[in-house]
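Biologist: Could you walk me through this model before I start on my notes? I would like to begin with the pockets.

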Amino acid sequence: MINFIRQHLGAKLFFSYMVVMLVGAGVLGLATRFTIPEAFTRHMGSRPGTGLGMMQGLGTGSGMLPTLFSNFQASFNEALVLALLAAGMVAVVVSLLLSRGIVAPVRILTAASRRIADGQYGKRVLTAGTDELGQLAHSFNQMAEKLEQVELMRRELLGDVSHELRTPLTAIKGSMEGLIDGILPATPETYQQIHQEADRLARLVDDLQELSRVEAGNYPLDIRPVSVSTLVHTSIKRFAAQAQAKGMELRSDLPADLPLVLADQDRISQVLTNLVGNALQYTPEGGKVTILSIRHGDEIHISVVDTGIGIPTEHLQHLFTRFYRVDKSRSRQAGGGSGIGLTIARHLVEAHGGRIRAESGGEGQGSTFTFTLKIAG
Ligand SMILES: Nc1ncnc2c1ncn2[C@@H]1O[C@H](COP(=O)(O)OP(=O)(O)OP(=O)(O)O)[C@@H](O)[C@H]1O
Ligand SMILES: [Mg+2]
């Protein structure tokens with residue numbers, strides 16, 4: 001019995017109502033016991049105790065008042081017991097209904113959370129009222145929605161990743177089969193091609209690992225005042241050979257009085273590497289890539305501007321979504337990006353409290369990628 005009450009909120013509520021009712025009935029009984037003689041005397045115009053003594057002194061004929069009092073008390077007690085019984089029965093029914101009413105939404109929430117535990121994320125609880133239970137149901141629905149989104153993202157990610165892995169694997173498998181069957185000549189070019197695809201696969205796996213780390217925020221950020229010009233010049237040095245090989249001009253245009261910015265040098269270098277790498281990749285030979293920087297209030301805007309193939313307007317807002325590429329076949333031919341670089345860059349910039357955006361006049365009009373950093377001090 002005690003265990004049953006412990007395990008059921010409805011039973012707890014019901015018994016607490018019962019306890020309140022019993023205490024009320026007890027107090028009522030006691031209160032009437034002490035107040036009735038006084039009230040009776042007042043209403044009859046004499047005190048039953050003194051009247052009794054007085055009436056006993058006066059003889060049997062005048063012993064009516066005490067008898068009247070005890071009769072009154074007996075009938076009052078009888079009426080009180082009956083009234084308490086009736087009130088008790090009504091209270092039991094009302095308590096049952098009330099405790100059920102309170103427990104019902106809790107039961108619905110329990111059932112809904114079980115369904116979510118079973119993987120049915122689409123279920124929602126109908127929210128009624130604005131009390132604590134209503135708020136709980138509301139929070140529950142928000143949680144269910146978040147879980148549903150996470151689950152959807154997980155499925156999409158798995159789909160995307162398997163698709164991305166399949167492409168180079170299919171190419172490697174095809175080439176190997178061609179070699180085995182003697183259809184493909186065993187020339188250095190064939191091996192080179194297979195090596196390239198394997199390389200692509202390795203890069204993709206590295207990128208995915210990096211993406212999962214930045215998406216989870218699972219990396220240390222060593223933020224301190226750094227010089228923008230150091231960051232920019234390091235990047236330019238890193239890409240100088242590549243730009244030269246492609247016959248491209250890579251330079252910076254920075255004002256002399258740029259203040260220091262708050263940044264993790266390695267992470268922001270990674271962002272610049274991704275942006276400059278893209279600019280060189282998506283700009284034809286003989287083009288130009290410039291890194292600009294300008295102060296806006298308490299922020300520094302750093303832009304990588306190229307004279308390359310440009311980006312149609314409708315694609316601009318999707319570029320920072322993982323695996324998004326403007327033209328999948330084109331980007332594959334142009335060196336085989338998988339659409340992760342800008343997503344990593346966005347996460348890193350946002351971890352610094354900054355923003356990143358892309359602009360382009362359209363196809364063939366070049367592109368500009370700009371991110372912001374806070375000024376130090
Ligand atoms: N400077 C640019 N000019 C034109 N298009 C660009 C430029 N930078 C990015 N893009 C477009 O945005 C897409 C996403 O870029 P992102 O860097 O995320 O991926 P990626 O370069 O394809 O692959 P990777 O993950 O290897 O960087 C690219 O596929 C390309 O279509
Ligand atoms: Mg890229």
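Biologist: What classes of residue make up the lining of the second largest pocket?
Modeller: In this predicted model, that lining has 8 nonpolar, 5 polar and 2 charged residues, where Ala, Val, Leu, Ile, Met, Phe, Trp, Tyr, Cys and Pro count as nonpolar, Asp, Glu, Lys and Arg as charged, and the others, Gly among them, as polar. A pocket here is an open set of points on a 1 Å grid over the protein atoms alone, where a 1.4 Å probe fits, with protein on both sides within 12 Å along at least five of seven lines, and lining residues have an atom within 4 Å of a point.

Biologist: And which element gives the most to it?
Modeller: Helix H4 (64-117) does, with 7 residues; helices are DSSP runs of H or I with at least four residues, numbered from the N terminus.

Biologist: Switching to the largest pocket, which residues are closest to its centre?
Modeller: Of the 45 residues that line the largest pocket, those are Asn 278, Gln 281, Tyr 282, Gly 337 and Gly 341, and H8 gives the most to this lining, with 9 residues.

Biologist: How should I read the numbering and the cut-offs?
Modeller: Residues are numbered from 1 along each chain as its sequence is written. Local features need pLDDT of at least 70, and side-chain atom pairs count only at pLDDT 80 or more, while totals for linings use all residues.

Notes:
Chains lettered and ligands numbered in written order. Heavy atoms only, no water. Helix = DSSP H or I, 4+ residues; strand = E, 2+ residues; numbered from the N terminus.
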